[in-house]
Amino acid sequence: MSAPKKVVLAYSGGLDTSIILKWLQTEYGCEVVTFTADLGQGEELEPAREKALMLGIKPENIHIVDVREEFVRDFVFPMFRANAVYEGLYLLGTSIARPLISQHLVRIAHETGADAVAHGATGKGNDQVRFELSAYALDPSIKVIAPWREWDLTSRTRLLEFAEANQIPISKDKRGEAPFSVDANLLHTSSEGKVLENPGDEAPDYVAQRIVAVEDAPDTPEFIEVGFERGDAVSINGEALSPATILARLNDYGARHGIGLLDFVENRFVGMKSRGVYETPGGTILLEAHRGIEQITLDSGAGHLKDSIMPRYAELIYNGFWFSPEREALQALIDKTQEHVTGMVKLKLYKGSVRTVARWSDHSLYSEAHVTFEDDAGAYDQKDAAGFIRLNALRLKLIATRNARVAGK
């Protein structure tokens, strides 16, 4: 790959991406543009601007963008319409943020005339795949630089030496070994590495940063109502809210009641297993609520088909194929099923659990007249079930007859 002239870097303002910024300047002699996304990670982002300026980045080349509404509206909500869960447990909080970041990296590259983008993902994880597959899907001619796969800064000591040699400030907590690595956004917080690397050791209590311990959660349950329109949450307790505000509000409820903590060993796309602790309080509530409204508004055929494709859909997101034609095709099917997923769900939050306790909708398929244990006034003729059973039993009877005949020879 020829040396890039201008690079757009996904920049957090932290030590690692500051080292990458300086490395790009010294290794390639290129101009660097920074992009910092406000994904609701709960950190002050102005220090990223100050650090970039200190490292010689022109003010017009520093991009700090609030993408919270876009993140929830265009990425999180479509994913939750599918009830997407990877390997039965993981709500894909890190996975779903990466295509959005890549989309902005490519956009800024086009706007600034940059010929490359760069990220700080290591060569062992999934994020490198997610960033790069997304970038290439959006611009097949873009160059992608992954310093962790190129440089010789292979130890913490080497990184700190490079930082000191290039006058990159190092906070006191960065000089020692970090107890674990953290990635956060509005959907979740993930913690990996160091004290969490041995799955045989229980995660220390201090790992959880967003959710209170179940033991410390309120002793009294709390009830909330979440309103839906066409599969997306639109209100809480009757108050219409924006997508990002809804998720933030649900995060507050979930965190207070100790909801959404997951200790998980997953299969990475690159082939190895890794252990992570995930905190997804609002997402856990949202998934339960969405399932609750689907129970009365979604036809069984459409719902069962949707459930059958969900693992494939979740795997595509996990593996970085958000912008693939197959994910978009599945999304079209999923969105078609959501046309009548409109109504209200009442949820009970208590000691680490969230449970649907009531649901109602003008689009409901639930017919009390048909299902009642009392007199249904002719709504359903129970004699019809006899023929239904006979027809469904026919092939089973033929198989059993054949098996008996063959066994008797």
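Predicted model: local features only at pLDDT ≥ 70, side-chain atom pairs only at ≥ 80, totals over all residues.
Analyst: Buried means under 20% relative accessible area, exposed over 50%, and partly exposed in between (1.4 Å probe, protein chains only). Residues are numbered from 1 along each chain as its sequence is written, and side-chain values use heavy atoms, with hydrogens and water left out.

User: Is Ile211 buried or exposed?
Analyst: Ile211 sits in the loop between β7 and β8, with helices (H or I, at least four residues) and strands (E, at least two) being DSSP runs numbered from the N terminus. The C-alpha atom of Ile211 is 13 Å from that of Ala184, 27 residues away along the chain. Because its relative accessibility is 9%, Ile211 counts as buried.

User: Glu202 is in the loop between β7 and β8 too; is Glu202 buried or exposed?
Analyst: That loop runs between β7 (189-192) and β8 (222-229). Since Glu202 has 73% relative accessibility, it counts as exposed.

User: What share of the protein chain counts as buried?
Analyst: The chain has 13 helices and 14 strands, and its C-alpha atoms fill a box of roughly 85 × 60 × 45 Å along the principal axes. Of its 409 residues, the share that counts as buried is 48%.

User: Which residue forms a salt bridge with Asp232?
Analyst: A salt bridge is a side-chain nitrogen of Lys or Arg within 4 Å of a carboxyl oxygen of Asp or Glu, and the structure holds 23 of them. At 17% relative accessibility, Asp232 counts as buried. Its closest N and O atoms with the partner are 2.8 Å apart, and that partner is Arg81.

User: Which residues are linked with Arg130 in a network of salt bridges?
Analyst: Arg130 and Asp127 meet in a salt bridge (2.8 Å, N to O), and both are buried. Because they are three residues apart in helix α5 (residues 127-138), about one helical turn separates them. The network links Arg130 with Arg98, Asp127 and Asp183.
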